[in-house]
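Please examine the sequence and the three-dimensional structure shown below. A report on the arrangement of the chain follows.

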Amino acid sequence: MIVSLCMIAYNEVEAIDGLFGDIALQEYPHSKIEVVFVDSMSNDGTYEKMLNFKNTDYGFRNVKIVRCQKKNQASSWNEALMVFTGDVVIRVDAHARIPRNFVSRNVYNLGLGENVVGGGRPNISSNVSSWKLTLLAAEDSLFGSSIAGYRRPSTEKEYMDSLFHAAYRREVIAKVGGFNEDLGRTEDNEFHYRIRMAGYKMCCCPDIISYQHSRNTLKHMIKQKYGNGKWIGLTLSECRGCLSYFHFAPFLFVMMLATCGILAAFGHTFALFVLLILYGMFDFVNSVSCCTLKNIQPQFALLPLIFPLLHIAYGIGTIVGLIQIPFWQRKIKNSGAKERIELVKQKVDENTRIVWRDSEL
């Protein structure tokens, strides 16, 4: 089974060395691995590092480098999907680390009859410090991040609505097409929604695992949560089915906080008091649960303050996204994103015919 291992990057020169080393050490036969890098016009040396990897003889079947003019994740992933030639395509994030058996375990589980597979994707922190371990604890917590099952190592095979660092059979891409380039942050939600609607299941396997670096500063983490929330708001107008009620929990919290605050300003403080008590209970319990971790740090005492900052940033982002929907819809009206999805289908079909012709020769 030929595997196309794909990664996109924009100005990730400090993050990709570890991942490049992981790719080079994969135990799956390198003669059956096609590596596809997409550079979104980086200016920090990322592209040059990709070239160095390509020019180093690791014995891979092929190493392709594509440059994408658009600094948009969906556009870059579409560039990868239009050039891959493997039987399987695996998506790996630039801020990731993968074990030696990552490709081989994906291939094994696909060989059991699955069409889309993945595994747990817990967070890790680089340049470990007490403060970064505290942020990592907040990100790993269900209360601080999300309930998505793939964020934690799985203990048994189960089917999920979404996966991260997933492997897809070629036929899946040929049927559903590429990513919606109108979307940011939520392009994978919408992509996986179409996969489910096409009748495919996404299997999370306990023997597959990869890792993603968490944000190393509170400022960057808050910015990330705000951006995630904003795109949840915008995506509501584009694909309601690819979102769950849980995506809007921070939005509801911020709206209730604002409403209760207004009531309190007019002397009706009971609702605000009850809301803060209830939230405080959840905040305290989840902060204490983080203290059961092996790497407990003194800064964990700040988790009761970090959690509400993350929730409020996410909720405000969703509010902004909802407000911007009319303007955003006008902006993307003639974007051609739907045509690009279909173009990916055509290119995958063309590449499939080329692969079949070459194999017959």
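**Basis of the report**

This is a predicted model, in which local features need pLDDT of at least 70 and side-chain atom pairs count only at pLDDT 80 or more, while totals for chains, interfaces and linings use all residues. Residues are numbered from 1 along each chain as its sequence is written, and side-chain values use heavy atoms, with hydrogens and water left out.

**Nonpolar cores**

The largest nonpolar core holds 32 residues. A nonpolar core is a set of buried Ala, Val, Leu, Ile, Met, Phe, Trp, Tyr and Cys residues joined through side-chain atoms within 4.5 Å; buried means under 20% relative accessible area, exposed over 50%, and partly exposed in between, with a 1.4 Å probe and protein chains only. M7, I23, F37, F53, I90 and V103 have the most contacts inside this core. At least two of its residues come from each of β1, α1, β2, α2, β4 (88–91), α4 (102–110) and β10 (202–209). Helices (H or I, at least four residues) and strands (E, at least two) are DSSP runs, numbered from the N terminus. Helix α1 supplies the largest share of the core, 5 residues. A second, separate core has 29 residues, including I8, W77, A80 and V176.

Contacts are heavy atoms within 4.5 Å. Leaving aside residues up to four places away in sequence, F37 touches M7, F20, I23, M50, F53, V63, K64, I65 and V66. In soluble globular proteins, nonpolar side chains tend to be buried together.

Helix α2 spans residues 46–55, and its buried residues are T46, M50 and F53. Seen down the axis of α2, these residues fall within an arc of 60 degrees, so they line one face of the helix; the arc is that of the directions from the helix axis to the C-beta atoms. They pack against β1 (3–9), α1 (16–24), β2 (33–39) and β3 (62–67).

Helix α5 (residues 130–140) is mostly covered, with 8 of its 11 residues buried. The buried residues of α5 are K132, L133, T134, L135, L136, A137, A138 and E139. Their cover includes β7 (123–124), α8 (218–235), α10 and α11 (303–332).

**Salt bridges**

How many salt bridges does the structure hold? The structure holds 14 salt bridges, a salt bridge being a side-chain nitrogen of Lys or Arg within 4 Å of a carboxyl oxygen of Asp or Glu. Among them are the following pairs.

| Pair | N to O distance |
|---|---|
| D17 and K49 | 2.6 Å |
| E34 and K64 | 3.1 Å |
| R340 and E181 | 2.7 Å |

D17 and K49 meet in a salt bridge. This pair links distant parts of the chain, with D17 in helix α1 and K49 in helix α2, 32 residues apart. D17 is partly exposed at 45% relative accessibility, and K49 is partly exposed at 22%.

E34 forms a salt bridge with K64. Since E34 lies in strand β2 and K64 in strand β3, the pair ties together parts that are 30 residues apart in sequence. E34 counts as buried, at 2% relative accessibility.

The side chains of R340 and E181 also meet in a salt bridge. R340 lies in helix α12 (residues 337–360) and E181 in the loop between α6 (170–176) and α7 (187–197), so the pair ties together parts that are 159 residues apart in sequence. R340 and E181 are both buried. Salt bridges with shared partners join K70, E79, E181 and R340 into one network.

**Backbone**

Most residues other than glycine have a negative phi. M41, however, has a positive phi, near 60 degrees. M41 lies in the loop between β2 and α2 and is partly exposed, with a relative accessible area of 25%. R185 likewise has a positive phi, near 70 degrees. R185 is found in the loop between α6 and α7 and is partly exposed at 39% relative accessibility.

**Surface**

Which residues make a nonpolar surface patch of about 620 Å²? The patch is made by F270, F273, V274, I277, L278 and M281. Patches are made of residues with over 30% relative accessible area and no salt bridge, like charges being joined within 9 Å and nonpolar side chains (Val, Leu, Ile, Met, Phe, Trp, Tyr) within 5 Å. Accessible areas come from the Shrake-Rupley method with a 1.4 Å probe; for residues, only the protein chains shown count as cover. V274 lies in helix α10 (residues 270–290) and is partly exposed, with a relative accessible area of 31%.
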